[in-house]
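The following exercises are to be worked through with the sequence and the structure at hand. Each task is followed by a solution in steps.

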Amino acid sequence: MAVRHQLIARKPAAVWEVLEDSRRYGDWVVGPTGSDPLDDSWPEVGSTIAYKLRLGLLEMTGRTVVRRHEPPRWLELEAHCDPLGSARIALDIRPWGEETLVIVDEHPLRGFGGLVHNFALDALLQLRHRNMLKRLAKVVEGLPPEADHSGAGRGPAAERPAGR
């Protein structure tokens, strides 16, 4: 299992502003080029975005489905890319003083990636996560300061206890 964390110098509301914008997916996720929502409900559970993936000269299509969306704490995604299979990507967003600690946990679920899952694949995922979390921090920290108070990530789930 590949788990990595990043401290982002903004409050969780600013992080959620980026996570909840399907057009920004390709700005922080390593691999996809662009992103196109397949419906208008991103990031509600079941909503999907599509994108292109390039691995060297090979270009594939991918899609990501939201499996869990509980602001201000959790966003879990299932990323599909045939013929590679799918992976679970969980983002745990925690207030950390005036900043935010983001923890990403990814592991293969189905297909080829699940069959060959080993320490070497986890090492590659660690490199990917390092870049992805740095990109997320750069995007979030580039937002205007009012994003810290925008109300992103608010709603019924926002009132749940933080330990949930």
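**Exercise 1.** Determine in which strand L55 is found, and state whether L55 counts as buried, partly exposed or exposed.

*Solution.* Step 1: L55 belongs to strand β3, residues 48-55; strands (E, at least two residues) and helices (H or I, at least four) are DSSP runs, numbered from the N terminus. The model is a predicted one, in which local features need pLDDT of at least 70, side-chain atom pairs count only at pLDDT 80 or more, and totals for chains, interfaces and linings use all residues. Residues are numbered from 1 along each chain as its sequence is written, and side-chain values use heavy atoms, with hydrogens and water left out.

Step 1: Buried means under 20% relative accessible area, exposed over 50%, and partly exposed in between (1.4 Å probe, protein chains only). The relative accessibility of L55 is 49%, so L55 counts as partly exposed.

**Exercise 2.** Identify the residues that make the nonpolar surface patch of about 270 Å².

*Solution.* Step 1: Patch residues have over 30% relative accessible area and no salt bridge; like charges are joined within 9 Å, and nonpolar side chains (Val, Leu, Ile, Met, Phe, Trp, Tyr) within 5 Å. A salt bridge is a side-chain nitrogen of Lys or Arg within 4 Å of a carboxyl oxygen of Asp or Glu. Accessible areas come from the Shrake-Rupley method with a 1.4 Å probe; for residues, only the protein chains shown count as cover.

Step 1: The patch is made by L55, L58 and L84.

**Exercise 3.** Is L53 buried or exposed, and which residues does L53 touch beyond four places in sequence?

*Solution.* Step 1: L53 is also found in strand β3. Its relative accessible area is 15%, and therefore L53 is buried.

Step 1: Leaving out residues up to four places away in sequence, L53 touches G31, P32, L58, E59, M60 and C81; contact means heavy atoms within 4.5 Å.

Step 2: For G31, 22 residues from L53 along the chain, the C-alpha separation from L53 is 5.7 Å.

**Exercise 4.** Describe the setting of E78 and the polar contacts of its side chain.

*Solution.* Step 1: E78 lies in strand β5, residues 74-81. E78 counts as buried because its relative accessibility is 4%.

Step 1: A polar contact is a pair of N or O atoms within 3.5 Å; within protein, one must be able to donate a hydrogen and the other to accept it, and residues adjacent in sequence count only if both atoms are side-chain atoms.
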